[in-house]
Amino acid sequence: MEIYDNLTISLSGRNLIEASAGTGKTYAIACLFLRLVVEQGLLPENILVVTFTEAATKELKGRIRERLRIGRDFFSGCGPEDEFSANLLVGANPWWPGREKAIERLDLALHTFDCAAISTIHGFCSRALQENAFESGSLYDTELVTDQSALVHEIVADFWRGNFFGEEASLLATVLRKKWSLDEMARFLRGKLANPDLVLMPLFSQNQVEQISHDCRSSYELLVAMWPGKRAELEEILTTHKGLSRAKDRYRPDLVPGLLAAMDDYLAEGNPFELFDGIEKFSTGFIAGQALKRDAPPSHAFFDCCAELLELVERRFVALKGSLFLFARERLALRKAERNIRFYDDLLTDLYSALQGTSGHELAAGLRERYRAALIDEFQDTDPVQYRIFREIFCEGAGPLFLIGDPKQAIYSFRGAD
């Protein structure tokens, strides 16, 4: 790690700059921009500057334009004293083109500054896709929508109808018990559909899901078969065993008849997913967890079987979450393509996918040709997709790439930013 210096940092390669609040980050970006103009003769349209909000974009444009104007006026001898420009003028930088050339380049940069490539990450991706429609495979008339929640709810409703009004209708009982409403399902998907490389774990194949459902029914049928002959024995254990806590939320004697009656109804219902409140008190794990220190907890094959069933039901619910994720990711992409609409995050994934596609090399080369340098502001909130876009474009041997941010200020960790 090196101490950053606006004057001496090399304008080449990949550079990660950690800049804490109040250390002059915006000033540093403006100084780097001026050096790229003066030393490498780049135009504002050739220097990509990316930040994360429209307000920050507006501020950066103003600060960079002012930095260029101050430098031009100082070199021309008609402006106030400017320490950075003065040090640049007297420095031993081999790339210094001379005062007259510097003035000429700054004048041209100021005259063409309205074409500066300073924007949000979404603005950059949108422009890259539209200007390279052939290489990216994007459509010119795509509508950009600011909120895709209605579309996600529509897909969640399709998933609900397709799963809970068909072969898996019995699973609805567990879903309702978990209070997993349509809104909760949509909330579960939030932040999971933007990254094409996101892998949900655990994720079960269709064959595995079917096997879990089969195992649930097998365990349930075993409980059904055991219950008539073991009910009295289990009642005795739950009522009198000294290894059970008699607290009101455990096995208080007056609550045991209710537990037994609930098990009667559950096993008569025929649906392994129609769990009742308190069924966990028939499971080995729960019994062991509340056991009194002075006496060992009771054991019974019914408790073991019930514990296995509860684990399988929970696994089936986890598998359902994975199925929803895969369904939504596939259907959301199809719906957007059918209606020719895109959400903000789609701009990123579309550009990343295009860079990975058959014309990806040509697209990256075209973007490198246009953007000869890049300054990425607020890098601490750059997620993996955004970083891969810049990595693909500014590969080894390309123009300078500066990644600037403060990890202490990261606010988008929920989106996968690191």
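## Arg161 and its partner

Arginine 161 is partly exposed, with a relative accessible area of 47%; here buried means under 20%, exposed over 50% and partly exposed in between, using a 1.4 Å probe on protein chains only. The side chain of arginine 161 meets that of aspartate 158 in a salt bridge, 2.4 Å from N to O. By salt bridge we mean a side-chain nitrogen of Lys or Arg within 4 Å of a carboxyl oxygen of Asp or Glu. Both residues sit in helix 7 (residues 149-164), three residues apart, or about one turn of the helix. Helices are DSSP runs (H or I, at least four residues), numbered from the N terminus.

This is a predicted model, where local features need pLDDT of at least 70, side-chain atom pairs count only at pLDDT 80 or more, and totals for chains, interfaces and linings use all residues. Residues are numbered from 1 along each chain as its sequence is written, and side-chain values use heavy atoms, with hydrogens and water left out.

Arginine 231 is partly exposed at 25%, and so is aspartate 264, at 27%.

What about lysine 336 and aspartate 346, buried or exposed? Both are buried. Their salt bridge has its closest N and O atoms 2.5 Å apart.

## The wider picture

Across the whole structure, a search turns up 27 salt bridges. Glu66, Arg69, Arg72, Asp73 and Asp107 are joined in a salt-bridge network.

How values were computed: Helices (H or I, at least four residues) and strands (E, at least two) are DSSP runs, numbered from the N terminus.
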